[in-house]
Amino acid sequence: MHILIPCKNLDVGKSRLSGCLSSVKRRKFCERLLTQTLERAVALTAPANIRLVTADPEAAAMARQYSVEALADAGGGLNAALNDARSGIIAVESVSELLILPIDLPLATPDAVSQFLLYGGDIVIAPDEAGTGTNLLLLRAPALKAFRFAYGPGSFAAHAAWAQTGGLRLEAVPDRRLAFDVDGPAQYSAWQSLQRRSHGAAQIAFTEANI
């Protein structure tokens with residue numbers, strides 16, 4: 001299995017949290033999410049099978065600490081960046097499965113992702129909580145090379161429609177751990193509540209002081 005981790009510039013990521021976090025704290029939060037995602041990725045497969053897709057040299061430097069190579073994002077948007085990264089990997093390596101792993105899925109533990117990988121299908125998707133977005137995406141042959149990335153509003157329906165048109169089997173995975181993403185203030189508040197229940201108020205105070 002190969003993994004692509006798309007990552008915006010750390011200084012501009014999670015802009016929707018500007019109402020509850022300063023720019024400095026948003027950057028630290030993005031760094032924390034990226035670190036967590038890299039740790040989980042290397043628990044799932046060898047670093048040589050993982051690529052970080054980013055235009056941020058500091059994010060690329062963080063990936064190198066995990067022996068993960070970074071692929072340049074040319075700035076054409078997420079879908080174009082993923083398409084270029086996929087094409088680059090397939091051109092030089094034998095790829096049987098390709099997992100797109102965003103950094104803003106804080107509950108996507110290796111165990112949750114491993115269970116997700118057990119589902120059959122040419123395309124496997126863990127939708128977001130609203131059922132409209134695509135959180136986790138797995139591509140297998142014959143979808144691997146031809147799949148059309150359509151991230152953005154309504155991406156789950158767009159991806160499902162593409163699968164249907166191509167006569168490919170899509171599996172939707174209803175896992176709350178994979179459905180939860182930190183996109184806006186409500187999700188950030190929910191994440192804080194989960195952290196309090198898991199780690200206690202003292203740990204949360206320390207965490208928030210360092211975000």
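These legends walk through close-up views of a predicted model. Residues are numbered from 1 along each chain as its sequence is written; local features need pLDDT of at least 70, side-chain atom pairs count only at pLDDT 80 or more, and totals for chains, interfaces and linings use all residues. Side-chain values use heavy atoms, with hydrogens and water left out.

**View 1. The open sheet has 7 strands, in the order β3-β2-β1-β4-β6-β5-β7.** Its pairing is mixed, where two strands pair if DSSP finds at least two bridges between them. Helices (H or I, at least four residues) and strands (E, at least two) are DSSP runs, numbered from the N terminus. Because β3 and β7 (170–172) stand at the edges with a single partner strand each, one side of each has no neighbour in the sheet.

**View 2. Here β2 (residues 50–54) meets β3 (residues 69–72) in a parallel pairing over 4 bridges.** Look for Arg51, which stands opposite Glu69 in β3.

**View 3. Strands β5 (residues 123–127) and β6 (residues 134–140) run antiparallel, joined by 5 bridges.** Here Val124 stands opposite Leu138 in β6.

**View 4. Helices α1 (residues 23–44) and α4 cross at roughly 50°, their axes coming within 10 Å.** Axes are lines fitted to C-alpha atoms, for helices over the stretch in contact, and angles run from 0 to 180 degrees between N-to-C directions. In the contact (heavy atoms within 4.5 Å), Arg40, Ala43 and Leu44 of α1 meet Pro110, Val113 and Ser114 of α4.
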